[in-house]
Amino acid sequence: MEDEIELKTAPADFRFPTTNQTRHCFTRYIEFHRCTTAKGEDSSDCERFAKYYRALCPGEWVDKWNEQRETGTFPGPL
């Protein structure tokens, strides 16, 4: 019997009604990092935000944002 793979993405969000999901991606990334700051790195409550931004954001963006956070030049409100 073959294993079934279930693919999911972030749920629809009324704040981002257009097909361009750039802001949705950025917002979910920020929500994840705000959550981990408030609840800790190992909080399971934050995992859904991680799944959302990983599904929406290109890896190159995430890598760049992570570097910017490390150097203190990230443009968003964390």
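1. First, a term: a residue is called buried when its relative accessible area is under 20%, and exposed when that figure is over 50%. Keep in mind that this is a predicted model.

2. With that in hand, have a look at helix α3. The face turned away from its buried side carries the exposed residues E60, K64, E67, E70 and T71. On the buried side you'll find V62, W65 and Q68. These three cover an arc of only 125 degrees around the axis, so they sit on the same side of α3.

3. What do the buried residues of α3 pack against? They pack against α1 and α2.

4. As for its dimensions, α3 has 13 residues and reaches 19 Å from its first C-alpha to its last, close to the 18 Å expected at 1.5 Å a residue. After the helix comes G72, with a positive phi near 80 degrees.

5. Setting aside residues up to four places away in sequence, Q68 touches T73, F74 and P75.

6. Now the largest nonpolar core, which has 15 residues; Y29, F32, Y53, C57 and W65 touch the most other members. Two or more residues come from each of α1 (22–39), α2 (47–56) and α3 (59–71). α1 gives the largest share, five residues.

7. Beyond its neighbours within four places in sequence, Y53 is in contact with C25, R28, Y29, F32 and V62.

Methods. Residues numbered from 1 in each chain as written. Predicted model: local features only at pLDDT ≥ 70, side-chain atom pairs only at ≥ 80, totals over all residues. Heavy atoms only, no water. Core = buried A, V, L, I, M, F, W, Y, C linked by side-chain atoms within 4.5 Å. Buried < 20%, exposed > 50% of the residue type's maximum accessible area, 1.4 Å probe, protein only. Helix = DSSP H or I, 4+ residues; strand = E, 2+ residues; numbered from the N terminus. Contact = heavy atoms within 4.5 Å. Expected span 1.5 Å × (residues − 1). Arc of directions from axis to C-beta.
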